[in-house]
Amino acid sequence: MSDFHSLKVNAVQQLTSNAVAISFAIPDTLKDVFAFSAGQYITINKEIDGVTLRRAYSISTVPGSGKITVGVKKVTDGTFSVYANSKIRVGDVLELMPPEGRFVFEPSNTEKHVGAFVAGSGITPVMSIAETVLKSHLNSTFTLVYGNQSADETMFLKEIEALQKQYGDRIFVQHVFSRVNEEGSLFGRIDGSTVTYIVKNKRKDIAFDAFYLCGPEEMIDLVSEKLQEAGITKDKIHFELFTTSNTVDTMAEDLDGKTQVAVVVDDENFTFAMDKKMLILDAVLKENIDAPYSCQGGVCSSCIARVTEGKAEMIKNQILTDGEIEEGLILTCQAHPTTATIKVDFDDV
Ligand code: FES
């Protein structure tokens with residue numbers, strides 16, 4: 001199920017002093033496996049200093065381009081991001097899982113008016129979405145509100161300028177800088193007043209079909225709330241968390257005893273006993289079962305499975321809808337079993 005493929009790095013581009021774009025060569029034999037929708041991500045598996053790391057990175061290139069490029073921003077104390085920014089070279093081979101993710105834009109034959117509020121490296125999937133929107137119909141428009149410390153810290157700045165050159169006034173870009181006050185850009189962070197300024201003033205004539213929000217949780221919550229106040233319905237607001245607030249697992253304290261677990265992965269059946277205090281994914285990985293996962297933080301959606309017998313409860317969920325939860329879907333990295341027996345199917349999702 002953790003379907004990794006060895007892919008060669010064919011370009012490394014410095015985007016800012018602390019961010020790189022890494023591109024991979026996709027051999028013809030893997031073209032179908034690595035086909036993707038705008039907004040999806042790949043997971044990289046890498047052993048560094050004896051520790052195997054999995055990291056999810058969004059794809060910035062457009063579907064059908066034959067290219068897969070990801071943006072990696074150096075995070076303080078981030079083992080893989082530091083490695084990627086200092087060590088990865090053209091010709092290196094990395095292990096990649098095929099693209100996945102639900103934060104997608106699917107082009108259609110009708111014109112679409114799409115907006116995005118993004119912060120920092122949250123731009124990566126939105127680069128792919130913006131270009132796909134603009135390419136898909138001659139009258140489609142894209143509105144990008146993009147927060148950074150300064151222009152120097154802004155990932156894909158040149159690529160955004162190239163889109164502006166190519167698509168003219170069909171793309172509107174509003175930079176928001178928190179460290180410098182520059183003419184034409186807003187000063188501060190993306191907040192409620194930024195949303196109002198864009199939706200009610202700068203782009204008031206646009207009837208938006210969808211919004212894509214990508215960045216830290218507080219920004220997403222705030223922008224989402226303001227957009228809804230401005231009359232944008234919830235179903236038009238898509239979001240992807242790049243960081244999430246730490247959740248204290250208080251549920252574990254209240255759970256006692258063991259659960260007998262049956263797991264299905266890739267048509268194989270496994271059984272084992274686990275403490276209810278453990279999270280299901282942690283217990284599955286401890287048994288060396290090759291279940292799919294990436295972020296282990298309730299952010300990416302890789303670890304979704306269906307509970308077909310028994311019950312589980314999640315400590316946090318910002319991905320699954322109420323309907324999906326009712327159908328039995330769980331994020332296994334966030335779920336404790338709450339019954340004496342449980343059956344978890346990673347294939348049936
Ligand atoms: S592994 Fe990413 S949401 Fe569970």
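## Threonine 194 and its surroundings

Leaving aside neighbours within four places in sequence, threonine 194 is in contact with Val145, Val176, Leu186 and Arg189; contact means heavy atoms within 4.5 Å. Threonine 194 is placed in helix α4. Its relative accessibility is 4%, so threonine 194 counts as buried (buried means under 20% relative accessible area, exposed over 50%, and partly exposed in between, with a 1.4 Å probe and protein chains only). Helices (H or I, at least four residues) and strands (E, at least two) are DSSP runs, numbered from the N terminus.

## Basis of the model

This is a predicted model, in which local features need pLDDT of at least 70 and side-chain atom pairs count only at pLDDT 80 or more, while totals for chains, interfaces and linings use all residues. Residues are numbered from 1 along each chain as its sequence is written, and side-chain values use heavy atoms, with hydrogens and water left out.

## Domains

The protein chain is assigned domain 1 (5–100), domain 2 (113–243) and domain 3 (251–345); such bounds come from an automatic or database domain assignment. Between the C-alpha centres of domain 2 and domain 3 the distance is 35 Å.

## Nonpolar cores

In soluble globular proteins, nonpolar side chains tend to be buried together. A nonpolar core is here a set of buried Ala, Val, Leu, Ile, Met, Phe, Trp, Tyr and Cys residues joined through side-chain atoms within 4.5 Å. The largest such core has 29 residues, of which Val118, Ile123, Val126, Ile129, Phe142, Leu144 and Tyr212 touch the most other members. Two or more residues come from each of β2 (19–25), β7 (113–119), α2 (123–136), β8 (141–148), α3 (157–167), β9 (171–177) and β11 (210–216). Helix α2 supplies the largest share of this core, seven residues. Domain 1 (5–100) and domain 2 (113–243) each contribute at least three residues to this core.

Phenylalanine 142 has contacts that include Val114, Ala116, Val126, Ile129, Arg170 and Phe172, when residues up to four places away in sequence are not counted. A second, separate core of 27 residues includes Met274, Leu281, Cys303 and Ile319.

## Helix packing

Two packed helices are described by the angle between their axes and the distance between the axes. Axes are lines fitted to C-alpha atoms, for helices over the stretch in contact, and angles run from 0 to 180 degrees between N-to-C directions. The axes of α2 and α3 come within 12 Å and cross at roughly 10 degrees. Helix α2 is therefore roughly parallel to α3 (angles under 35 degrees count as roughly parallel, over 145 as roughly antiparallel, 65 to 115 as roughly perpendicular and the rest as oblique). Among the residues that meet are Ile123, Met127 and Leu134 in α2 and Ile160, Leu163 and Tyr167 in α3.

For α4 (residues 192–202) and α5 (residues 217–229), the axes come within 9 Å and cross at roughly 40 degrees, so α4 and α5 are oblique to each other.

Helix α1 (residues 79–86) has Phe80, Ser81, Tyr83, Ala84 and Asn85 buried. These buried residues pack against β1 (5–16), β2, β3 (41–48), β4 (51–58) and β5 (68–73).

Proline 337 lies in strand β18 (residues 335–337) and counts as buried because its relative accessibility is 0%. Beyond four places in sequence, the residues that proline 337 touches include Leu255, Met274, Lys311 and Ile342.
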